[in-house]
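Hi,

Here is the structure I promised to pass on. Have a look at it first, and then read my notes below.

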Amino acid sequence: MNITVAGENSLIIYFSQEVDSEVSTELSIEVSAKVQQAVDIITGSLGGVLVDLVPSYASLLVIYDIFLTDLHSIRPKIRELLADIDRVDKSEGQLIELPVYYSAESGPDLMLLADKAGLSIEEVIDLHRSQEYQVYAIGFAPGFAYLGEVDERIAAPRLATPRQQVPRGAVGIADRQTAVYPSVSPGGWNLIGLCPQRMFDPDTTPTMPVKVGDRVQFKSIGRETFLSLGGEL
Amino acid sequence: MTSAVGSPSKAGFLVKQPGPRTLILDLGRYGYHHLGMTTGGPADPVAFRWANRLCKNDQNATALEAVGGLVLESAVTTQLAVCGANTPLTINGRVRALWRSHRIKPGDVVELGFATEGVCTYLAISGGFEITQVFGSTATVVREGIGGLNGNKLEAGDSLPCGSYESNEDTQCLKLPKGYRPVYGRHAMLRVVPGYQQHDFSRYQQRRFFSNKYKISSRSDRMGCCLEGPEIRPNTDGILSEGICFGAIQVPPDGQPIILMNDRQTIGGYPKLGSVLSLDLGQLAQLKPGDTVYFDPITVDDAHNILHLADSYFKKIEPLVC
């Protein structure tokens, strides 16, 4: 663990020495669980002086109120609080199941992705839904959760030209990551289906069905079920 | 999305002309980065705070950030103050001063022209605009479709409800004496707390960054201020995406630094040199494309002291009764 200054009121805690994206899945999951532990510990003990927290793949950005604390108070406190994090029982996070209507109709890139991978559409769907994904980070847009890692065989680079408008609920693949678009936005991921469940809803509690550290598995549903769950085509 | 439009019975201001980008905002949305939500809030918080203070408001009261071209018609009796960029202000066609409050009565037309110095102006009214909070804040973030009136910048015909205001003919107006007002130029010195991946930049690259002038690019917006100048090259291609704080200086592969502003994305994977002092980001927000900045490294302790002193200074200045 390494704690570095990020700005006038921010520290960033790194939980892994690996800095590039070529980290093994197993290590990533272990590190991601530590990040989530740290969020719970820090929120519980330092909540009063925190402004915001940003958990991500292998780091946690801690933004604090400089009128309530300072670097020389908070850094040793964080060190002390997280000293035993390696020995804390790893919580696996919750396993969340998300329904997806996979089809050419709901996933405009499904056929091309299958073609390029030399697989049938059914094989692509099976590979995507059989994997349990880790929620590594939330960002890009409110409610956008980065899930990893998809099977190498269906990994696909981002589109050369991003779409101006990706519909809410679109399930996409970019390299070895997958995600559900929480709202209509521009986007360059390869779209393979639609999820009828809202990923971000300011009017519900919790606002999101997943948080960093949780796990996600997709479940294939048919057109009728998709529509009955409130999905829109 | 939570509806943020006030009930029609609530009197306030009518937007006759919205200008290119007028945003309803308070000091920003905090505590929701873990959901991917940014802070938003005033690009120049000093001017924002003064506009509210001259209206005797709480410093977090909801006001407007305009980049000119705004015309409002009042349906209420209140006071109004405009602070920030040097922008022509008229009330019923008569030229009025910035950095002071003015009495407003029903039917008055308030018009903001375009700035001659600086970019953003803040228009506050006594009691603040009454806008429904979304995630604890009224700040509009257009990219997220959150805050303000249904997540949008102002449009012609919008109605802006006001909080209650008790007044009589004697209610005094306030002004900030000239010597205390910020001066907006064409250059700014931005103090930087080095941090994040600073050691992934060689000493030569760091020195290059801290000893050269950079020009504000026209690609800049409320997410990031893009710079043009000598290329900076880190020893790394990219990093695992991580949390980005206000003012972080990220260096994408083209070597041209970007300073992350109020509407920044919450995570990103470009290496960062450190972060600009928040106090100086207000000065940066008042620069136009083509204007220049240079950077000065300071320690985190210096930053802490400067921010405490600035806060104390702001609190100690007393506006004058007009």
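Before anything else, one term: two residues are in contact, or touch, if their C-beta atoms, placed from the backbone, lie within 7 Å. What you have is a predicted model, where local features need pLDDT of at least 70, side-chain atom pairs count only at pLDDT 80 or more, and totals for chains, interfaces and linings use all residues. Residues are numbered from 1 along each chain as its sequence is written, while chains are lettered from A and ligands numbered from 1 in the order in which they are written.

Let's start with one residue, B:Asp263. Leaving out residues up to four places away in sequence, B:Asp263 touches B:Thr38, B:Gly40, B:Val141, B:Arg143, B:Arg222 and B:Met223. You'll find B:Asp263 in the loop between strand S18 (258–260) and strand S19 (267–268) of chain B. Helices (H or I, at least four residues) and strands (E, at least two) are DSSP runs, numbered from the N terminus. Is B:Asp263 buried or exposed? B:Asp263 counts as buried because it has 22 C-beta neighbours inside 10 Å. The cut-offs: a residue is buried if 20 or more other C-beta atoms lie within 10 Å of its own, exposed if 12 or fewer, and partly exposed in between, again with C-beta atoms placed from the backbone. B:Glu231 is 32 residues from B:Asp263 in sequence, and their C-alpha atoms are 25 Å apart in space.

Next, helix H1 (residues 45–54) of chain B. Eight of its ten residues are buried, so this helix is mostly covered. Among the buried ones are B:Phe48, B:Trp50, B:Ala51 and B:Leu54. What covers the buried residues of H1(B)? The cover includes strand S3 (63–66), strand S5 (78–86), strand S10 (117–125) and helix H4 (300–316) of chain B. Just after H1(B), B:Lys56 takes a positive phi of about 60°. Helix H3 (residues 278–285) of chain B is mostly covered too, with seven of its eight residues buried, including B:Leu281 and B:Leu284.

Apart from its neighbours within four places in sequence, B:Ala51 is in contact with B:Ala63, B:Ala81, B:Val82, B:Cys83, B:Tyr122, B:Leu123 and B:Ala124. B:Ala51 is also one of the residues with the most contacts inside the largest nonpolar core, along with A:Val62, B:Ala63 and B:Tyr122. That core has 156 residues, and S10(B) gives the most to it, six residues. A nonpolar core here is a set of buried Ala, Val, Leu, Ile, Met, Phe, Trp, Tyr and Cys residues joined through C-beta atoms within 7 Å.

B:Ala63 brings us to S3(B). In a regular strand the side chains alternate between the two faces of the sheet. In S3(B), B:Ala63 and B:Glu65 point one way and B:Leu64 and B:Ala66 the other way, and all are buried. Strands pair if DSSP finds at least two bridges between them. S3(B) pairs in the antiparallel sense with strand S2 (residues 23–25) of chain B over three bridges, and B:Ala63 is the bridge partner of B:Leu25. S3(B) also pairs with S10(B), antiparallel over three bridges, and there B:Leu64 stands opposite B:Leu123.

Chain B has two domains, whose bounds come from an automatic or database domain assignment: domain 1 (12–176) and domain 2 (187–316). Their centres, taken over C-alpha atoms, are separated by 28 Å. The contact takes 18 residues from domain 1 of chain B and 15 residues from domain 2 of chain B. On the domain 1 side, H1 and S10 of chain B each supply at least two residues.

How many residues of chain B are in contact with chain A? There are 36 from chain B, in contact with 36 residues of chain A. H4(B) supplies the largest share of the chain B side, four residues.

Finally, chain A has a closed barrel of seven strands, S5-S12-S9-S10-S7-S6-S13, with mixed pairing. Within chain A, strand S7 (residues 145–148) and strand S10 (residues 177–180) pair in the antiparallel sense over two bridges, and A:Thr178 is the bridge partner of A:Leu147.

Cheers
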